[in-house]
Amino acid sequence: GPYNEDPEAIHFALIQDKKWFPDESQTQQFLDRKPRTHDIEGLGIQISGWTGFTWNHFGPDSLIRLALVYDAITSSDDPLWRQASLVISGSIFEGGDSALDPVVRLIYEKLNLSDRLINNNGWLFKAEESPRFQYLVMPDVVPHPKCGNNRQVIDPIWPRHALLPVQRALGLLDPDLPQPKYIVFAARSGGNRSVKKEVEEEIMEAIGSLLEELGSPYEAMKWQFSRSGEHTLSISKFTKILIGPHGANLWNAALMPPGGLLMEFNTLADVFTNEDCRTYGYSVANAAGLQYALIETKDFGYFEREMSPPVELIVEALRDFLTQE
């Protein structure tokens, strides 16, 4: 279930002969469609039905779907799982509009999964050239009951510690890994959900003053999006606290070791109760084993710019977290 606290109690559902469409005749038309250029023996695992070739969608969605089956496809004694293909909605080739982001490509490489990827050219059951497997799995959990009602994407609440298998494979659980040292403000350089420049400066100054007051060993830094996978991973694996507005930079929390804090500038309604609410920040924190703090930002909007999150609430949340360590 979505609120399972036991990381070992993650189950899979093997889907065979599934009725894919509301009307059975439509299902049969789909199965009978000719010519079929991608009929494949064995098991296919659909992990990115939501433009998972970009980090902003891969981080809070595809990576966690992958984590739910990672141990099975790398360690299972069953050859069906060990030889399974991963169905992605981006291109495995470099260049082009749907090429994998460098961060996404690097993660597949580090997990030794690059040779398992198959591009389905879009949504699994809508694309004309979708691969049809003998068996199919799409890792998923119960969706949030309110979110996504007026959008195609139905937002889940991922299980607590769902990312553990991937965190382990990326070395984030290595006992010899140095302790995290960064408090990262994940800024957005203009565009939707950007923070006013003067407020960004005020936030950084306030964090610095708090660290000095507490005698804290952490180092505050401002992060702008990087196209370098190695750079992104090298910063994230040593990050203790990640702060920022809803968006791709904040999903770097998926690459943090457990035990840290994700702080999101948003509103309670926009995260949890509106029809268009988006639970990604809370959900990534849950999957990564992080604490989550929501900074209620009155002028927040998914398409708003120049926002002003309340600095005093940011400092209060930081103080609470740092003094409880």
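Predicted model: local features only at pLDDT ≥ 70, side-chain atom pairs only at ≥ 80, totals over all residues.
What share of the contacts between residues at least 6 apart in sequence joins residues at least 24 apart? In this protein chain the share is 72%.

**Figure 1. The chain as a whole, with its ten helices and nine strands.** The protein chain has 325 residues, of which 54% count as buried. Keep this overview at hand as you go through the other panels.

**Figure 2. The largest nonpolar core, with 60 residues.** The residues with the most contacts inside this core are Ile 45, Trp 55, Leu 63, Tyr 108 and Leu 163. Helix H2 supplies the largest share of the core, eleven residues. A second, separate core has 25 residues, including Val 199, Ile 243, Ala 293 and Phe 321. As general background, nonpolar side chains tend to be buried together in soluble globular proteins.

**Figure 3. Ile 45 and its contacts from beyond four places in sequence.** Two of these partners are Val 69 and Ile 73. A further group is made up of Trp 81, Ala 84, Ser 85, Leu 86 and Val 87. Val 137 and Pro 139 complete the set. Ile 45 is also among the residues with the most contacts inside the largest nonpolar core.

**Figure 4. Helix H2 against helix H4.** The two helices pack at an angle of about 20°, and their axes are 10 Å apart. H2 and H4 are therefore roughly parallel to each other. The crossing of H2 past H4 is right-handed. From H2, Trp 55, Phe 58, Leu 63 and Leu 66 meet Val 103, Val 104, Ile 107 and Tyr 108 of H4. Sorted by class, this contact has eight nonpolar residues, no polar and no charged ones.

**Figure 5. The buried residues of helix H4 and what covers them.** H4 spans residues 102–110, and its buried residues are Val 103, Val 104, Arg 105, Leu 106, Ile 107 and Tyr 108. Their cover includes helix H2 (55–75) and helix H7 (229–236), together with strand S2 (85–88) and strand S3 (117–119).

**Figure 6. Helix H6 alongside helix H10.** Here residues 197–214 (H6) and residues 311–323 (H10) pack at an angle of about 30°, with 10 Å between the axes. H6 and H10 are therefore roughly parallel to each other. H6 passes H10 in a right-handed crossing. On the H6 side the contact involves Val 199, Glu 202, Ile 203, Ala 206, Ile 207, Leu 210, Leu 211, Glu 213 and Leu 214. On the H10 side are Val 311, Ile 314, Val 315, Leu 318, Arg 319, Leu 322 and Thr 323. By class, the contact of H6 with H10 has twelve nonpolar, one polar and three charged residues.

**Figure 7. Positive phi at Asn 112 and His 161.** Most residues other than glycine have a negative phi, so here are two worth a look. Asn 112 has a phi near 60° and sits in the loop between H4 and S3. Asn 112 is exposed, with a relative accessible area of 64%. His 161, which is not a glycine either, has a phi of about 65°. The loop holding His 161 runs between strand S4 (132–137) and helix H5 (164–169).

**Figure 8. Pro 79 in helix H3.** H3 comprises residues 79–82. Pro 79 is partly exposed, with a relative accessible area of 48%. Pro 79 and Leu 43 lie 36 residues apart in sequence, with 9.7 Å between their C-alpha atoms.

Note on methods:
Residues numbered from 1 in each chain as written. Heavy atoms only, no water. Buried < 20%, exposed > 50% of the residue type's maximum accessible area, 1.4 Å probe, protein only. Helix = DSSP H or I, 4+ residues; strand = E, 2+ residues; numbered from the N terminus. Contact = heavy atoms within 4.5 Å. Axes fitted to C-alpha atoms, helices over the stretch in contact; angles between N-to-C directions. Parallel < 35°, antiparallel > 145°, perpendicular 65-115°, else oblique. Left-handed = near helix turned anticlockwise from the far one by under 90°. Nonpolar A, V, L, I, M, F, W, Y, C, P; charged D, E, K, R; others polar. Core = buried A, V, L, I, M, F, W, Y, C linked by side-chain atoms within 4.5 Å.
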